[in-house]
Amino acid sequence: MGTVERRRRGASALTLLCATALLAVSAMTGAAQAAPVPEPGAKSLEQVRQEIDGLYRQAGTATDAYNLAESETKAQSAKIVEIAKQVVAGQDRITALKNRAGAAARAQYRSGGMPAGARLALSGTPSQFLDGADRIRQGEKATTDLLSEMNRTQSDLQQYAKDASAQWEKLEANRIKQENAKKEIEEKIKSAESLESKLEAEEKARLIQLEQEAQYKAQTAWLSSGVLKELNSSASESGKKAVQYATAQMGKPYVWGAEGPDSFDCSGLTSQAWRAAGKGIPRTSQEQLRLLPKVAIKDMRPGDLIIYFDDASHVGMYVGDGAMVHAPRPGRSVTLAGAGSMPIKAVVRPDA
């Protein structure tokens with residue numbers, strides 16, 4: 001299939017996506033008109049929508065903190081295991097060195113520990129003494145080297161102990177971070193769900209409508225800038241694989257901290273998609289922003305990651321023709337959306 005044909009089909013798909021959203025908006029308008037009239041001083045439905053959206057965004061930020069602490073915990077646990085292996089190897093080395101030292105001491109004992117002058121007097125010829133003296137010097141050097149090696153190994157073991165202690169402290173600190181982040185996530189989600197649960201059925205329908213309208217408005221403004229005319233870069237081979245994986249997950253639910261295969265959070269989806277493409281990338285959207293190469297929006301190509309909001313609390317994968325795939329938030333599933341439907345902070349490229 002040629003590039004023009006692919007772009008035509010992609011554009012058609014995005015147009016269909018927008019049209020479907022508009023039809024849904026229109027279909028719900030009649031029901032929304034029947035929604036109860038807010039009491040004086042009560043929050044408007046739009047204010048409720050913004051509050052719910054803010055709570056889910058805060059939950060997203062906390063999810064990033066949880067995921068980062070979890071990945072660091074895994075790294076620290078692996079480091080502790082490695083240190084333990086080094087300690088065992090060092091202890092085995094000390095045992096072997098002590099055995100060698102004991103053998104040398106026993107050999108010296110068997111020789112009687114006779115002074116060099118006495119051995120010269122008792123030797124048959126000076127040459128025999130000199131040969132023996134040379135062997136003694138070699139033995140003394142070997143003993144010195146042996147002691148030095150034992151000291152170095154013991155010093156290494158002491159350093160391993162310090163390293164292990166430091167890693168355990170970090171492990172405990174990250175465990176606390178995880179627990180605090182988990183509490184915050186659960187509190188924010190519970191608050192958002194509580195707000196939604198108080199709405200009547202008509203209000204819930206109108207809430208979805210307002211959400212779609214806000215996204216459509218942002219996407220329309222983004223496209224109106226002419227940005228799509230500049231977006232004509234083709235995906236790399238690994239980028240195609242990442243897009244294929246990500247789009248194949250559509251319909252699976254958002255679950256915070258999830259990396260598949262049955263559910264995902266936003267960065268869980270993007271990191272696993274690129275892992276499927278043979279490229280390991282950071283686990284969280286904030287680390288993806290910090291560590292992956294940035295590219296200009298005009299140079300964006302399918303497979304690139306779009307980081308959203310000033311706090312980099314959300315990420316989606318650009319799939320072409322002004323669309324991206326992402327795991328939106330709790331209560332939603334992996335889906336296609338307009339790439340400009342949320343404030344773009346940066347675009348990063350995993351396979352730059």
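**Close-up 1. Residue classes in the lining of the largest pocket of this predicted model.** Sorted by class, the lining holds 22 nonpolar residues, 14 polar residues and nine charged residues. In total, 45 residues line the largest pocket. The volume of this pocket is about 1,100 Å³.

**Close-up 2. The centre of the largest pocket and the elements around it.** The lining residues that lie nearest the centre of the largest pocket are Glu-211, Gln-215, His-326, Pro-328 and Arg-332. Two or more lining residues come from each of the elements α1 (3–33), α2, α4 (126–197), α5 (201–224) and β5 (335–338). Of the elements, α5 gives the most to the lining, with 10 residues.

**Close-up 3. The cis peptide bond between Gly-260 and Pro-261.** Gly-260 and Pro-261 are joined by a peptide bond in the cis form, with omega about 0°. Pro-261 is found in a loop, with α7 (237–248) on one side and α8 (266–276) on the other.

**Close-up 4. Phe-309, a residue with positive phi between β2 and β3.** Phe-309 is not a glycine, yet its phi is positive, at about 70°. The loop that holds Phe-309 runs between β2 (305–308) and β3 (314–320). Phe-309 counts as buried because its relative accessible area is 13%, and buried means under 20%.

**Close-up 5. Asp-321, a residue with positive phi between β3 and β4.** Asp-321 is a residue other than glycine, and its phi has a positive value near 55°. Asp-321 lies in the loop between β3 and β4, the latter formed by residues 323–326. With a relative accessible area of 11%, Asp-321 is buried.

Note on methods
Residues are numbered from 1 along each chain as its sequence is written. This is a predicted model: local features need pLDDT of at least 70, side-chain atom pairs count only at pLDDT 80 or more; totals for chains, interfaces and linings use all residues. Side-chain values use heavy atoms; hydrogens and water are left out. On a 1 Å grid over the protein atoms alone, a cavity is a set of points where a 1.4 Å probe fits but cannot get out, and a pocket is an open set with protein on both sides within 12 Å along at least five of seven lines; lining residues have an atom within 4 Å of a point. Grid points are joined across faces, edges and corners, and a volume is the space filled by probe spheres set on the points. Helices (H or I, at least four residues) and strands (E, at least two) are DSSP runs, numbered from the N terminus. Ala, Val, Leu, Ile, Met, Phe, Trp, Tyr, Cys and Pro count as nonpolar, Asp, Glu, Lys and Arg as charged, and the others, Gly among them, as polar. Buried means under 20% relative accessible area, exposed over 50%, partly exposed in between (1.4 Å probe, protein chains only).
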